[in-house]
Structures are given as C-alpha cells and as structure tokens.
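Welcome! Take a moment to look over the sequence and the structure, and then let us walk through a few places in turn.

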Amino acid sequence: MEEQIRHRKDTVMIGDIGCYALGGAAPLNAKDLAVCMGDSTFFHTGINSLTDVAYNGSNAICVILDNRITGMTGHQDNPRTGYNIKGEPATLIDVETVVNVLGIKHVRTVNPLDLKAMKETLDWAFAMEDEPSVIITKWPCILKKYSKEDKAQFNLDKTPCVVDADKCIGCKKCLSTGCPALRYDSETKKSSIAQADCVGCTVCMQVCPVQAISRKGDK
Ligand code: SF4
Ligand code: SF4
C-alpha cells in the first residue's frame, strides 16, 4: 500500500486530525493521497465540501473512512455509530446513499482490511481523469462499542495472529503496516506479534511474502 501511494507525488493530501492524518508519518508516508476523512467528519463538515466537489465536478478523490466512530476526537456518537446523542440505538444514515444524492457518479465501497481490493480501488480512482470519485472504506473501528448492525454486517473475530519463527525470513514487510502489535528482534532477525495488542485484522498476513503469519489456531 505504501508503494501504491508513494509514487503519486503530484497529489495533494487534505484531511483533518484523525488516525488517517497520522498515515502521513512513517512507515506509511501517505501524505500524497487525496482528501481523506472519517465518517464523523463527513457528517459534521465534510459533506459541505463534497457538495462543492460534486457541483463543480472537481478532479478529486474523496476517501471516507466509514469506521462508525468519532475516533481520535472523543468517541462522540454520530450518524454512523448506531447510537444517538442520548446513547440510545438509532438507525444509521448510509454514506453511499448520501454521496449518490450529491450526484457523485463514481463511488466504490471497499473493505479496508482487504489490501488487494484497496489497491484495485485506488488504481480505479487515480485513473479517473477529470471527475470526482469517492471511496468508502467500510469496517467498524476496533475501539467502538459495536451496534447491532456492526455485529450483523461484519465478521468481528478478534483472534490474534502469530508469526511462525521458523518461516519468518526477517524481511520486515509486516512492519510496513505500521501496526503497533508487531515487534522485530534485531538479534534473531525475526518478527513477532504482541498477542494482547493484536486484533486479528490479518493485514500483516497479507503482506508477508512467505506466509509466516497466520491466525492463532489455524494451520
Ligand atoms: S493481524 Fe492486524 S492487528 Fe494483528 S499484528 Fe497483524 S496487522 Fe497488527
Ligand atoms: S513479513 Fe513475514 S517474513 Fe517478513 S518479517 Fe514479517 S513475518 Fe517475517
């Protein structure tokens, strides 16, 4: 994913404070991407800007992280958390429907934990010459209190992953994911995963070139 983003040096990255803004730091160095916001930001103010983008036909890629939480700024409920301001269950407002209503013609929803699908979706968006596109990455944040919709729509298995030290060749590709659960021992030249910190997202599994990473309990 890092390589996917890094070679596009002419792209301006715009975003507010959020986990995604921190993607501009190493190891992701993703500052070249595009407009990036969480679902809470989208419903707070991003929707206004996207209206302008749609109306003016701007050549912009807007990535909306539909992670159903107000993450770094306080975990307040928003139209994607499934709870209203009183903490009561509430019906979600669908991001894709709103984007379609604004008149954006090129919209894709993708599982952000599927790196192949993410790469294909970014290629699709960057190939768009002069029309706006929207990518909605849909997966609930690991920190949120899951709503009934979250539980119904996603496989939220958090079984951690493990590294088979016999297979690990010490290439450090897994570290490029930026996941804080990953450790690298410079003496043994092997990676490992802190079990208490791993949420079983499988992203590191997908980048390991020798299949040294698996879910705990899997063969
Ligand atoms: S499975 Fe996900 S959370 Fe666990 S170590 Fe790999 S990238 Fe980190
Ligand atoms: S990507 Fe795989 S082989 Fe490379 S360091 Fe990580 S676990 Fe080891």
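## Confidence along the chain

Among the elements of the protein chain in this predicted model, strand β8 (residues 190-193) has the highest mean pLDDT, 98. At the other end is helix α1 (residues 2-6), whose mean pLDDT of 51 is the lowest. For the protein chain the mean pLDDT is 86, with 84% of its residues at 70 or more.

Here is a tip for reading such a picture: where pLDDT is low, the predicted coordinates should not be read in detail.

Next, find strand β4 (residues 106-110) and strand β5 (residues 133-138), which run parallel and are joined by 5 bridges. Across this pairing, Arg 108 stands opposite Ile 135 in β5. Together with helix α4 (residues 115-126), β4 and β5 form a β-α-β unit that is right-handed.

## A threonine in a loop

Now turn to the loop between β3 (61-66) and α3 (95-102), where you will find Thr 81. Is Thr 81 buried or exposed? Its relative accessible area is 3%, under the 20% cut-off, so Thr 81 counts as buried.

Beyond its neighbours within four places in sequence, Thr 81 is in contact with Arg 68, Ile 69 and Gln 76, and also with Leu 92, Lys 144 and Ser 147.

## Around the ligand

Notes: Residues are numbered from 1 along each chain as its sequence is written. Chains are lettered from A and ligands numbered from 1 in the order in which they are written. This is a predicted model: local features need pLDDT of at least 70, side-chain atom pairs count only at pLDDT 80 or more; totals for chains, interfaces and linings use all residues. Side-chain values use heavy atoms; hydrogens and water are left out. pLDDT is the predictor's confidence in each residue, from 0 to 100. Helices (H or I, at least four residues) and strands (E, at least two) are DSSP runs, numbered from the N terminus. Buried means under 20% relative accessible area, exposed over 50%, partly exposed in between (1.4 Å probe, protein chains only). Contact means heavy atoms within 4.5 Å. Two strands pair if DSSP finds at least two bridges between them. A crossover is right-handed if, with the strands pointing away from the viewer, the path from the first strand over the helix to the second runs clockwise.
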